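Keep the 3D view open while you read.

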Amino acid sequence: MSTQTLSPEHHASIEAVGTLFADSGFGTPEVFGVAPGRVNVIGEHIDYNGGLVLPAAIDRWVHVAIRRREDDLVRLVSAQAPGKLVEFSASEELAPEGKSWGNYVKGVVAGLKRAGFAVPGFEAAVISTVPVGGGLSSSAALEAVFGKVILELIGEEMDDLALAKLCQKAEHDFAGVPCGLMDQAAVILCEEGKLLMLDCVDDSFQHAPFEDPDWGLLIINSCVSHELSDGGYAVRRDGCHAAAKILGVGTLREINPAKLEEALKHPELTEDMQRYVRHAVTEIARTLETVEALGERDYARAGELLNASHVSLRDDYRVSCPELDFIAELAQSQEGVAGCRMTGGGFGGSAIALVRRDCVESLSRLIEQRYEAEFGIEPKIFETRPMGGARAWKA
Ligand code: GLA
């Protein structure tokens, strides 16, 4: 791709990241790259249970400028951490250090080396508008954009799904989050105007058009975050896998929803496991039904399914929080809102609402006022439409 196909906002960000690059003493960039954040419409906490998930790339981005060095030193700067230089050697045995954002880049470099690519030293500058801790995959976007720019820099290519898996491993090994494949797949594989239907049984995927002049996706960032690496995510993932084993299935996808109640009676399932299984099995069914409803533009039905997903995540999976419950309940009761639910890993982050476009402004103002009055925090609300995935190009 070339800069010609970039939107005016991208042009401005590319210019800004080029300036940050030059101001950091790195000279002139050789390659630029961009990756979006993602929002999940429905299919929560089922990517590691063999489910179908339905994310979209959003209109928030990580932009990167990069240049090869003659030695093996990697030097990184970010507008989000001004004045702090992250440094490591591309040729050493790489391991994560502390909570630095540079760990994500290290994880990707380690993955590319493992895949057989010779990764040289480089200098890179980063500017991101994907909110950190917003449940919108800022880390997957960072991993993906570095995968893309490094490959472009060294003149190599890699299959997009393989790159998504490489980035997922970086998240596991360098950020300590045993995530599924959804986020990394979404930020790489998404196409403009379409939702990604990723079937985690075999990682096959399709793109489903989602463009309607009258209906949009509203993202409401609660601006509270409880990190996934705190353990709540891993506990649930392990619980689901242990339950699948007890029930004698490869993944919870294999449990027929009509036989769910019977399955839940298994004496070896703990009370927690029963709740996890109920969430996973019903969420898998809801997602399949949402794909159909959206295909038929039956927004009322799709909205009901989103609302039911929120209840299941709140009561059975227990990954919501008072702030997200407040937002979802408030939005659901408003005119023009088909449905609203927490989205992403949970424990804070964002909610997503399927909203009639003519109601977006009034709904946003109402949520801002009521949420701030209740919690003393200003939420960040924006409309998005499905965007294209990560890419890189020569400067
Ligand atoms: C996080 C993980 C994903 C997925 C979601 C929940 O975003 O990274 O793999 O499990 O939580 O749906």
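A polar side-chain atom of Arg38 sits 3.1 Å from an oxygen atom of the ligand. That makes it a polar contact (a pair of N or O atoms within 3.5 Å).

| Residue | Polar atom in | Distance to a ligand oxygen |
|---|---|---|
| Arg38 | side chain | 3.1 Å |
| His45 | backbone | 2.7 Å |
| Gly180 | backbone | 2.9 Å |

Taken alone, the ligand would expose 310 Å², and the protein buries 97% of that. Those areas come from the Shrake-Rupley method with a 1.4 Å probe.

A quick word on the ground rules: this is a predicted model, where local features need pLDDT of at least 70 and side-chain atom pairs count only at pLDDT 80 or more, while totals for chains, interfaces and linings use all residues. Residues are numbered from 1 along each chain as its sequence is written, and side-chain values use heavy atoms, with hydrogens and water left out.

So who surrounds the ligand? There are 13 residues around it, and the closest are Glu44, His45, Asp47, Asp183 and Tyr233; being near takes a heavy atom within 4 Å. Sorted by class, this shell has 5 nonpolar, 4 polar and 4 charged residues, with Asp, Glu, Lys and Arg counting as charged and Gly among the polar ones.

Where does the ligand lie? Domain 1 (3–207 + 387–394) and domain 2 (211–384) both give residues to the shell, so the ligand lies between them. The domain bounds come from an automatic or database assignment.

Now for the strands, which are DSSP runs (E, at least two residues) numbered from the N terminus. Two of them pair if DSSP finds at least two bridges between them.

Another open sheet has 3 strands in the order S2-S7-S8, with antiparallel pairing. Here S2 (52–53) and S8 are the edges. S7 (residues 194–199) and S8 (residues 204–209) are joined by 6 bridges, and they form a hairpin with 4 residues between them. In that turn, Asp203 has a positive phi of about 60°.

Terms used: Polar contact = N/O pair within 3.5 Å; in protein donor to acceptor, adjacent residues only side chain to side chain.
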